[in-house]
Amino acid sequence: QLQLVESGGGLVQPGGSLRLSCALSRFNLNYAAIGWFRQAPGKEREGVSCISSGSGRTYYADSVKGRFTISRDNAKNTVYLQMNSLKPEDSAVYYCAAGPQTLITMTTMWESRRYNYWGQGTQVTVSS
């Protein structure tokens with residue numbers, strides 16, 4: 001069964017850091033692109049970061065560029081999102097998602113409908 005499980009969320013003060021993990025079961029990271037999305041209360045889900053299959057090119061939304069880093073460990077079939085210099089506006093439920101690389105391009109990677117499989121989400125709260 002294809003499955004994604006996020007972990008690593010929590011409460012952190014502004015300026016702090018968290019590392020989210022997305023453990024993937026039965027996915028081949030040579031063929032699946034992995035995205036991180038977030039959704040705050042009353043707001044639409046937004047794409048945060050994406051890592052392509054194969055070469056592992058990385059992409060970031062402007063709102064997190066320079067602060068967040070996406071990476072993956074193929075041996076562990078896990079994708080990470082390192083979040084530094086966190087701000088209160090980063091507070092949201094964070095989801096990882098997987099989709100076929102053939103449908104996820106530079107122009108479509110922030111479209112959640114392109115991703116077939118989603119994790120359950122992990123809450124990130126940035127507050128003093």
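A nonpolar core is a set of buried Ala, Val, Leu, Ile, Met, Phe, Trp, Tyr and Cys residues joined through side-chain atoms within 4.5 Å. Buried means under 20% relative accessible area, with a 1.4 Å probe and protein chains only. The model is predicted: local features need pLDDT of at least 70, side-chain atom pairs count only at pLDDT 80 or more, and totals for chains, interfaces and linings use all residues. Residues are numbered from 1 along each chain as its sequence is written, and side-chain values use heavy atoms, leaving out hydrogens and water.

**Stop 1: the cores.** Select Leu-24, Trp-36, Leu-81, Met-83 and Tyr-94. Within the largest nonpolar core, of 29 residues, these touch the most other members. Now color the strands that give two or more residues to this core: β3 (18–25), β4 (32–39), β5 (46–51), β7 (68–73), β8 (78–83), β9 (92–100) and β11 (122–126). Strands here are DSSP E runs of at least two residues, numbered from the N terminus.

**Stop 2: strand β9.** Is β9 mostly covered or mostly open? Mostly covered: eight of its nine residues are buried. Next, show its partners. Two strands pair if DSSP finds at least two bridges between them.

- β10 (residues 117–118) runs antiparallel to β9, joined by two bridges; find Ala-97 opposite Trp-118.

**Stop 3: the four-stranded sheet.** Select β1, β3, β8 and β7. They form an open sheet in the order β1-β3-β8-β7, with antiparallel pairing. β1 (3–7) and β7 stand at the edges with a single partner strand each, so one side of each has no neighbour in the sheet. The twist averages 15 degrees from one strand to the next. Zoom in on β7 and β8: six bridges join this antiparallel pair, and Asp-73 has Thr-78 as its bridge partner in β8.

**Stop 4: Tyr-60.** Go to strand β6 (residues 58–60), which holds Tyr-60. What does Tyr-60 contact, leaving aside its neighbours within four places in sequence? Val-48, Ser-49, Lys-65, Phe-68, Thr-69, Ile-70 and Trp-110. Contact means heavy atoms within 4.5 Å. Finally, display the backbone nitrogen of Ile-70: a polar atom of the Tyr-60 side chain lies 2.9 Å from it.

Note on methods. Polar contact = N/O pair within 3.5 Å; in protein donor to acceptor, adjacent residues only side chain to side chain. Buried < 20%, exposed > 50% of the residue type's maximum accessible area, 1.4 Å probe, protein only. Axes fitted to C-alpha atoms, helices over the stretch in contact; angles between N-to-C directions.
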